Amino acid sequence: PDSIQQGEAFNIQHCLQKVETYFLQATFNKKPMLSKHQIRQKILNKRTKLNPDQVNSLSSIILENFYSLNLLDRARDVFLYLPIKNEVNTWPLLKKLWSLKISTFLPRCEKNKYRKMDFYYISSPDDLNKGAFNIPEPSSEIRYNGTGPDLIILPGVAFDLKGYRLGYGQGYFDRFLPELDLTKIKTIALAYDFQILPSLPIDPWDRPVDIVVTEARVMNCKQ
């Protein structure tokens, strides 16, 4: 039957991805360590090759793994991002937050301020406009002004086993996160397993996330 053939096709694709991930991660174990720019290029090149079916299938598993942590049970405010460039699809998570009546805030790059962003409340797709880098951004003027959300779900290009994150190199989150007391906020990354590397080059301003969730594992990086 077609459903069995489709399932077999997905399993074969998944196995091939795991083999590719093994060899990709193995290259990062070799000395000397690659630069942030080189790592970014390698991971983005692999992520770009994912087709829409792969993105949706893997994203669905990743979100189920995230939901299994029950972190939304007591959450009141959540900072989220919307996906670009084949990132894990967070649109279903956004809709779930709305259905649970959890206040949700998305980032917006501030005009006339160098690589500065803030988070703004949104309650429906009508609150979104195309913003910087063609990323949907809040059109709302309700800026978050609390002491910190319960959860921050962060984007990233690569992560290591200690939770350190490699972004796109623009520094928006590096500038924003120090404004918050992260000892009271749970930080989460959603990623494909091939984005997890044994280690990353670290700068003094880099801050690790608490948990990284992939289709294959949940990494509690603070243990």
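1. Let's start inside the sheet: aspartate 77 has serine 103 in β2 as its bridge partner. The two strands involved, β1 and β2, run parallel and are joined by three bridges. Two strands are said to pair if DSSP finds at least two bridges between them. Helices (H or I, at least four residues) and strands (E, at least two) are DSSP runs, numbered from the N terminus.

2. A word on what you are looking at. This is a predicted model, in which local features need pLDDT of at least 70 and side-chain atom pairs count only at pLDDT 80 or more, while totals for chains, interfaces and linings use all residues. Residues are numbered from 1 along each chain as its sequence is written, and side-chain values use heavy atoms, with hydrogens and water left out.

3. Now the whole chain. The protein chain holds five helices and twelve strands. Of its 223 residues, 45% count as buried, where buried means under 20% relative accessible area, exposed over 50%, and partly exposed in between (1.4 Å probe, protein chains only). Among contacts with a separation of 6 or more, 69% come from residues 24 or more positions apart; contact means heavy atoms within 4.5 Å.

4. Back to the sheet, which is open and mixed in its pairing, with seven strands in the order β3-β2-β1-β6-β9-β11-β12. Its edges are β3 and β12 (218-220); each has a single partner strand, so one side of each is left without a neighbour in the sheet. From one strand to the next the twist averages 25 degrees.

5. Strand β2 (residues 103-109) pairs with β3 in the antiparallel sense over six bridges, and threonine 104 has isoleucine 122 in β3 as its bridge partner. Strand β3 (residues 117-122) is mostly covered, with five of its six residues buried.

6. Helix α3 lies across β6 (151-154), β9 (186-190), β11 (211-213) and β12, and runs at about 160 degrees to β9. Helix α4 touches β1, β2, β3, β6 and β9, its direction making about 135 degrees with that of β2. Axes here are lines fitted to C-alpha atoms, for helices over the stretch in contact, and angles run from 0 to 180 degrees between N-to-C directions.

7. These helices also pack on each other. The axes of α3 (residues 52-67) and α4 (residues 91-99) are 10 Å apart, at an angle of about 35 degrees. Leu63, Phe66 and Tyr67 in α3 meet Pro92, Leu93 and Lys96 in α4. By class, this contact has five nonpolar, no polar and one charged residues.

8. Ile39, Arg40, Ile43, Leu44, Lys46 and Arg47 are buried in α2. Seen down the axis of α2, the buried residues fall within an arc of 160 degrees, so they line one face of the helix. The arc is that of the directions from the helix axis to the C-beta atoms.

9. Finally, two backbone spots to check. Most residues other than glycine have a negative phi. Asparagine 86, in the loop between β1 (77-79) and α4, has a positive phi near 65 degrees. Lysine 101, in the loop between α4 and β2, has a positive phi of about 60 degrees. Asparagine 86 is partly exposed at 25% relative accessible area, whereas lysine 101 counts as exposed at 73%.

Terms used:
Ala, Val, Leu, Ile, Met, Phe, Trp, Tyr, Cys and Pro count as nonpolar, Asp, Glu, Lys and Arg as charged, and the others, Gly among them, as polar.
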